[in-house]
Amino acid sequence: MRNYINIVSNDELDHIMNEKLSVVYISRNGCSVCHALLPKIQHVMENYPAVVFGHILADDYEEVAGKLTIFTVPVILVFSEGKELFRDARFIRVEEFRETLDKMTALL
C-alpha cells in the first residue's frame, strides 16, 4: 500500500499543493467511510509514483476546512502547481478518481 505524507500545517499543505501534480485526501477520526476509503485510495495511488500523495486528518489540522472550503469528509483534491484541478467529496467513486488521474498524468 502506498504511504502518504501527513499534512498538519498550512506550510506543508502549500508545499504539496505547489508540486507538479499532487493528491490530498482529507478525513476525520470518527468517519467510518473515511477509514474504509483510505486503503482504496492508497491502492490507486500505487500506480502513480510520480504524484505526491498527502493525507490530512482534519481533527489535527482544523484550519484546513476554511483554507480549502471543506464542508464534509472524506474529500479528495488534486492540485497542480497551486491550482485545484479536481475535487470529490463524501461519495467518492474510486474508478472515476483513477480515470481522472490517468488523464492528468497523461497531460503532465
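In this predicted model, P74 is found in the loop that runs between α3 and β4, and the peptide bond leading from V73 to P74 is cis, with an omega near -5 degrees. Both V73 and P74 are among the residues in contact with I26 when neighbours within four places in sequence are left aside, and the other contacts of I26 are I56, A58, V64, L68, I70, V75 and L77.

I26 also belongs to the largest nonpolar core, which has 38 residues, and I26 is listed together with L13, V23, I41, L68 and F97 as having the most contacts inside this core. Two or more residues of the core are given by each of α1 (10-17), β2 (22-27), α2 (32-45), β3 (52-57), α3 (64-68), β4 (75-80) and α4 (94-107), and the largest share, six residues, comes from α2. In soluble globular proteins, nonpolar side chains tend to be buried together.

Within α1, the residues L13, I16 and M17 are buried. Seen down the axis of α1, the buried residues fall within an arc of 100 degrees, and they therefore line one face of the helix. D11 and H15, by contrast, lie on the other side of α1 and are exposed. The cover over the buried residues of α1 includes β1 (5-6), β2, β3, α3 and β4.

H55 has a relative accessible area of 6%, and because buried means under 20%, H55 is counted as buried. Apart from residues up to four places away in sequence, H55 touches Y4, I5, N6, I7, Y25, S27 and L38.

The helices α2 and α4 pack with their axes 11 Å apart and at an angle of about 30 degrees; because angles under 35 degrees count as roughly parallel, α2 is described as roughly parallel to α4. The crossing of these two helices, α2 and α4, is right-handed. On the α2 side, the residues that take part are L37, K40, I41, V44 and M45, and these meet V94, F97, R98 and L101 in α4.

Two residues other than glycine have a positive phi, namely E81, with a value of about 50 degrees, and R90, with a value near 65 degrees. E81 is placed in the loop between β4 and β5 (83-89), whereas R90 is placed in the loop between β5 and α4. E81 counts as exposed, at 54% relative accessibility, while R90, at 47%, counts as partly exposed.

Methods:
Residues numbered from 1 in each chain as written. Predicted model: local features only at pLDDT ≥ 70, side-chain atom pairs only at ≥ 80, totals over all residues. Heavy atoms only, no water. Core = buried A, V, L, I, M, F, W, Y, C linked by side-chain atoms within 4.5 Å. Buried < 20%, exposed > 50% of the residue type's maximum accessible area, 1.4 Å probe, protein only. Helix = DSSP H or I, 4+ residues; strand = E, 2+ residues; numbered from the N terminus. Contact = heavy atoms within 4.5 Å. Arc of directions from axis to C-beta. Axes fitted to C-alpha atoms, helices over the stretch in contact; angles between N-to-C directions. Parallel < 35°, antiparallel > 145°, perpendicular 65-115°, else oblique. Left-handed = near helix turned anticlockwise from the far one by under 90°.
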